[in-house]
Amino acid sequence: MKKILFVGSEANPFAATGGLGDVLGSLPAALKAENPDYDVRVVMPLHSLVKQEFRDQMVDVCEFIVPLAWRKQYCGIKALTFNGVIYYFVDNEYYFKRKTLYGSYDDGERYAYFSKAVIEMFDYIDFVPDVLHANDWQSALTIIYLKTKYSYPKVKTVYTIHNIDYQGIYGFDILWDVFDIPYDQKWIVEYDNCINLTKGAIVCADKITTVSHRYSQEIQTEYFGTSLYHAIESNKHKLTGIVNGIDYDLYNPVKDKQIPANFSKNYMTGKATCKEEVQKKFGLPVREDVPIIAMISRLATHKGFDLVKYVLEEALEMDIQFVLLGTGEKDLEEFFAYVAKKYPEKASAMLAYDKNLAKLLYAGADIFLMPSKSEPCGLSQMMASRYGTVPVVREVGGLYDTIKPYNPQTGKGNGLTFVSYNAHDMLDAVKRAVELYSDKEQWKVLVENAMSADFSWKNSALQYIKMYNTL
């Protein structure tokens with residue numbers, strides 16, 4: 001039996017803000033399904049955002065005191081079983097009774113405490129993992145502490161970088177006071193004259209992973225690796241990339257109760273019903289013959305919105321409808337509101353985020369635009385594919401790994417792609433998608449290819465098992 005403990009700051013459906021939550025909510029169960037002999041567990045903070053329905057299912061496991069530099073802090077461990085996996089919750093209201101998961105002035109101290117608590121709890125829960133799998137900077141210190149402060153020589157460690165832009169960077173004045181790292185071990189976390197927790201985990205971990213193969217290559221370059229690429233490049237012998245999956249039960253057009261009508265690749269009538277509902281919800285003319293191009297995203301420049309902003313009005317000269325769902329940078333919100341007002345028959349923008357509306361767009365749109373400047377993995381292109389909405393993406397990160405360009409001559413490929421970060425290259429890919437849409441036979445093949453692509457967690461789980469076995 002292999003005992004694997006995932007450590008992270010969030011997990012669906014308990015409390016999550018993004019892809020990390022999806023991974024810790026789905027991958028552990030997928031590992032268990034592929035190898036029932038694995039004892040897979042997860043630990044995360046008991047955030048105040050965890051709903052009462054889950055709290056009611058938790059059992060109290062133990063209580064103890066966590067030493068962190070000069071502090072002695074209370075810790076309670078609660079647990080529940082979800083999808084066959086034990087989830088532990090670190091309970092401390094001083095640190096985790098907050099309205100948000102991140103963004104507090106003391107995030108460094110909060111997650112240092114969490115990391116210490118995770119290792120301290122081994123003695124109390126009678127569980128020492130064979131593999132401790134930490135995720136992003138919030139749990140990087142679990143790996144650093146294991147190598148420097150605790151004696152668990154048989155515990156192997158894996159560190160997953162979900163997004164290299166978030167590294168846990170702090171000044172050296174809090175090296176011991178907050179992070180409980182003595183000055184003779186300063187070199188472990190030292191990078192660019194700062195504390196860098198991700199760098200420390202990279203140095204100390206037995207294996208490093210990213211959430212796509214392409215991203216593991218990209219972060220070894222100065223452009224994508226930001227200030228850390230030297231540390232990553234020098235530890236590349238430990239690095240591998242494994243693309244994320246999506247929950248096939250949650251995103252299933254055949255059984256999804258959150259969409260107006262169900263459908264499958266062999267029976268697509270329901271998709272037309274979903275498309276009509278999209279047009280009604282977003283105040284656009286109900287037309288079956290016009291392709292709907294959708295975007296669902298945070299409105300941030302690195303998501304490619306500067307490209308969209310540059311050529312959207314030119315794109316609207318085509319016979320298309322454009323729908324946006326998301327919030328973010330104020331200038332982008334103002335731009336899309338302006339376009340929607342100027343072209344009410346062709347464009348609509350809902351400056352909000354609504355999970356039900358997102359599902360509706362995945363199901364009812366025809367084309368899904370995702371022109372990211374960087375994208376460690378990306379999940380939206382997989383979700384859109386699952387519902388027969390053809391992705392148009394830039395060949396970067398996980399988008400490159402998951403979406404392959406359609407070739408009308410061979411009938412191979414599951415989307416449309418472009419390479420250069422250039423507005424008119426993106427527009428060309430959109431135009432190619434619109435032209436294919438008008439060729440109903442070709443479009444049918446492309447949609448079937450998109451819906452047939454396997455983005456389940458099964459493939460990812462098998463690759464993780466292979467990687468764990470090398471340890």
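This is a predicted model: local features need pLDDT of at least 70, side-chain atom pairs count only at pLDDT 80 or more; totals for chains, interfaces and linings use all residues.
Residues are numbered from 1 along each chain as its sequence is written, and side-chain values use heavy atoms, with hydrogens and water left out.

The structure contains 26 aromatic pairs (rings of Phe, Tyr and Trp, the last by its six-membered ring, with centres within 6.5 Å; planes under 30 degrees apart count as stacked, over 60 as edge-to-face and the rest as tilted). One of these pairs is formed by F96 and Y111, which are tilted, with 6.2 Å from centre to centre and 55 degrees between the planes. This pair connects distant parts of the chain, 15 residues apart: F96 belongs to helix α3 (residues 93-96) and Y111 to helix α4 (residues 107-120) (helices are DSSP runs of H or I with at least four residues, numbered from the N terminus). F96 counts as buried because its relative accessibility is 1% (buried means under 20% relative accessible area, with a 1.4 Å probe and protein chains only). Y111 is likewise buried, with a relative accessible area of 1%.

A second pair, F305 and F336, is edge-to-face, with 5.6 Å between the centres and 80 degrees between the planes. Here, too, distant parts of the chain are linked, since F305 lies in helix α13 (residues 305-315) and F336 in helix α14 (residues 330-342), 31 residues apart. F305 is buried at 0% relative accessibility, and F336 is buried with a relative accessible area of 2%.

F96 and Y111 also belong to one aromatic cluster, together with Y94, Y95, Y102, Y113, F114, W137, Y170 and F179.

Two lysines lie over tyrosine rings (NZ of Lys within 6 Å of the ring centre and within 35 degrees of the ring normal). K404 is placed over the face of Y400, 4.0 Å from the ring centre, and K440 over the face of Y437, at 3.8 Å.

The structure holds one cavity of 30 Å³ or more (a set of points on a 1 Å grid over the protein atoms alone where a 1.4 Å probe fits but cannot get out; lining residues have an atom within 4 Å of a point). The largest cavity has a volume of about 90 Å³ (the space filled by probe spheres set on the points). Its lining includes I293, V308, F322, L369 and M426. Helices α13 and α18 (423-438) each give two or more residues to this lining, and α13 gives the most, with four. The lining residues comprise eleven nonpolar, no polar and no charged (Ala, Val, Leu, Ile, Met, Phe, Trp, Tyr, Cys and Pro count as nonpolar, Asp, Glu, Lys and Arg as charged, and the others, Gly among them, as polar).

Technical notes. Buried means under 20% relative accessible area, exposed over 50%, partly exposed in between (1.4 Å probe, protein chains only). On a 1 Å grid over the protein atoms alone, a cavity is a set of points where a 1.4 Å probe fits but cannot get out, and a pocket is an open set with protein on both sides within 12 Å along at least five of seven lines; lining residues have an atom within 4 Å of a point.
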